[in-house]
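Subject: A structure for you to look at

Hi,

Here is the structure I promised to pass on to you. Have a look at it first, and then read my notes below.

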Amino acid sequence: MFHPCFIRGSSKQPLARCRHTGDGGVIDETLIRGDAEKKTVAFHRDRDDVKRLPAINYMTHVTVKPGADGRTLVEWKGRFHRGHPFNDPPPGLDDDAAQAAITALHRASLAALKKKIESEAPTQ
């Protein structure tokens with residue numbers, strides 16, 4: 001598990017994963033797209049927990065591409081709706097809260113992935 005939020009993971013079935021957070025939460029995700037040749041995966045969060053993430057119908061799509069100077073570029077995209085889908089959302093479940101939470105999640109995920117890859121890279 002490279003993300004700092006998750007302490008362990010398991011797989012319930014070949015196309016699903018269960019990730020456990022340090023505070024006892026469980027996040028179930030289903031693989032909806034995977035293409036080894038294109039180096040891309042996409043997961044959909046199976047259940048929404050707006051207390052944990054103030055967004056619903058969250059899907060993440062990660063693609064690995066060649067970057068400049070022999071480096072690797074990881075593109076991490078998310079699709080979601082704010083935590084309260086109806087008019088006049090309460091504070092914390094509005095567009096700004098959802099955008100901020102997803103942005104923070106993606107930045108933390110990318111930083112943790114970078115740290116893990118760099119720590120496992122062979123020294124030159």
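Among contacts in the chain between residues at least 6 apart in sequence, 31% join residues at least 24 apart; a contact here means heavy atoms within 4.5 Å. What you have is a predicted model, in which local features need pLDDT of at least 70 and side-chain atom pairs count only at pLDDT 80 or more, while totals for chains, interfaces and linings use all residues. Residues are numbered from 1 along each chain as its sequence is written, and side-chain values use heavy atoms, with hydrogens and water left out.

How confident is the predictor? The score to look at is pLDDT, the predictor's confidence in each residue, from 0 to 100. Its mean over the chain is 85, and 87% of the residues reach 70 or more. Please take care with residues 1-8, where pLDDT stays under 50. For that stretch the model has 29 contacts beyond four places in sequence.

Now for the overall layout. The chain has one helix and six strands, and along the sequence they follow the pattern β-β-β-β-β-β-α. Helices (H or I, at least four residues) and strands (E, at least two) are DSSP runs, numbered from the N terminus. Of the 124 residues in the chain, 29% are buried. Buried means under 20% relative accessible area, exposed means over 50%, and partly exposed is in between (1.4 Å probe, protein chains only).

Next, the helix, α1 (95-120). Its 26 residues should span 38 Å at 1.5 Å a residue, and the end C-alpha atoms are 38 Å apart, so the two agree. The expected span is 1.5 Å times one less than the number of residues. Which residues of α1 are buried? They are Ala97, Ala98, Ala101, Ile102, Leu105, His106, Ser109, Ala112 and Leu113. Strands β5 (55-66) and β6 are included in what covers them.

The most come from α1, with five residues. By type, the lining has eight nonpolar, three polar and three charged residues. Here Ala, Val, Leu, Ile, Met, Phe, Trp, Tyr, Cys and Pro count as nonpolar, Asp, Glu, Lys and Arg as charged, and the others, Gly among them, as polar.

Leaving out residues up to four places away in sequence, Glu29 touches Leu15, Ala16, Arg17, Arg19, Phe43, His44, Arg45 and Asp46. Between Glu29 and Ala16, 13 residues apart along the chain, the C-alpha atoms are separated by 5.7 Å.

Thr40, in strand β4, is also buried, with a relative accessible area of 9%. The residues that Thr40 touches, beyond four places in sequence, are Arg33, Gly34, Asp35, His61, Val62 and Thr63.

Finally, look at the backbone. Most residues other than glycine have a negative phi. Lys39, though not a glycine, has a positive phi of about 55 degrees, and Lys39 lies in the loop between β3 (26-35) and β4 (40-45). Asn57, in strand β5, also has a positive phi, near 55 degrees. Asn57 is partly exposed, with a relative accessible area of 32%.

Enjoy exploring!

Best wishes
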